[in-house]
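Please read this briefing beside the sequence and the model.

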Amino acid sequence: MSLIELKDNLSDVKSTMLGALNQAGNDKRSAFRYIILNTISEGIPNTRYVVLRKFKTDSQELFIFTDYRSNKIREIKENPFASVLAYDQQNKCQIKLKGKINIHHQDEIADDLWDSVEDGQESYNTKSQPGKKVDSLNDAHQMKNDYDDKYFAVLIMKVSKAEILQLKGDGHIRAFLDFESDESSYLVP
Ligand SMILES: Cc1cc2nc3c(=O)[nH]c(=O)nc-3n(C[C@H](O)[C@H](O)[C@H](O)COP(=O)(O)O)c2cc1C
């Protein structure tokens, strides 16, 4: 199975890619639901899986939820440019995104989206900050007495460039999309 076909033109490639990312925001079983977020930590690439919570096709904005105390926040404050990688194994399709991240914490956007966090509130309510060294797992699992949105943060990545690679037995398809200049091109895979 493939997401992109040889008969597709670059406009089809763009809408298929944006549609697949949008679906990942709405469907927990989507192949692009879990994405790899790459940031820069003191000049060295740092990486981790996160959940794609929402993707706006018209503005190419990708939403991620995180703990405001986590390392990635410090890294993004230092360098807001990041990349995202995702792979749909069933359809053999890789998507790579580049863009700039804005952090939303204790603002209207974070307030609105906190209402959609039902089961996962504990992710943002550990007693100590994520990544802190502790003496035991018991210490690691200490939670705040009352759960609130004090440390809930929303990362919005404004995607400026994307690359898609569709693996195919009869010829891989690789394409580049620039949302800022509205240019696109096929690439040698
Ligand atoms: C499948 C999966 C999904 C994850 N989703 C998120 C997420 O949506 N947000 C998040 O902050 N961390 C998520 N994590 C944890 C991160 O990978 C990471 O361990 C954590 O955010 C700390 O990262 P940092 O120290 O680089 O900030 C997820 C991990 C896995 C394995």
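Predicted model: local features only at pLDDT ≥ 70, side-chain atom pairs only at ≥ 80, totals over all residues.

Residues are numbered from 1 along each chain as its sequence is written.

**Loop residues**

- Asp182 is placed in the loop between E8 and E9, where helices (H or I, at least four residues) and strands (E, at least two) are DSSP runs numbered from the N terminus.
- The phi angle of Asp182 is positive, near 55 degrees, although Asp182 is a residue other than glycine.
- Glu180 lies in the loop between strand E8 (173-178) and strand E9 (183-187), and Glu180 counts as exposed because 11 other C-beta atoms are found within 10 Å.
- Between the C-alpha atoms of Glu180 and Ala20, which are 160 residues apart along the chain, the separation is 20 Å.
- Gln106, in the loop between strand E6 (93-105) and helix H3 (108-114), also is not a glycine and has a positive phi of about 55 degrees.
- Gln106 is partly exposed, because 13 other C-beta atoms lie within 10 Å.

**Surroundings of the ligand**

- The ligand is surrounded by 15 residues, of which the closest are Arg48, Thr66, Ser70, Asn71 and Lys72; a residue counts as near a molecule or strand if its C-beta atom, placed from the backbone, lies within 6 Å of it.
- Two or more residues of this shell come from each of strand E2 (44-51), strand E4 (61-67) and helix H2 (71-78), and the largest share, five residues, is given by E2.
- By residue type the shell divides into seven nonpolar, five polar and three charged residues, where Ala, Val, Leu, Ile, Met, Phe, Trp, Tyr, Cys and Pro count as nonpolar, Asp, Glu, Lys and Arg as charged, and the others, Gly among them, as polar.

**Nonpolar core**

- The largest nonpolar core holds 37 residues, and those touching the most other members are Leu21, Phe32, Leu62, Val84, Ile95 and Ile164; such a core is a set of buried Ala, Val, Leu, Ile, Met, Phe, Trp, Tyr and Cys residues joined through C-beta atoms within 7 Å.
- Among the elements that each supply at least two residues of this core are helix H1 (10-26), strand E1 (34-41), strand E5 (81-88) and strand E7 (152-166), and E7 gives the most, with eight residues.
- When residues up to four places away in sequence are not counted, Leu21 touches Phe32, Leu52, Phe55 and Leu62, a contact being a pair of residues whose C-beta atoms, placed from the backbone, lie within 7 Å.

**Overall fold**

- The protein has four helices and nine strands, which run α-β-β-β-β-α-β-β-α-α-β-β-β from the N terminus on.
- The C-alpha trace spans about 55 × 35 × 30 Å along its principal axes, and 23% of the 189 residues count as buried.
- Of the contacts between residues at least 6 apart in sequence, 62% join residues at least 24 apart.

Key:
Buried ≥ 20, exposed ≤ 12 C-beta atoms within 10 Å, placed from the backbone. Contact = placed C-beta atoms within 7 Å.
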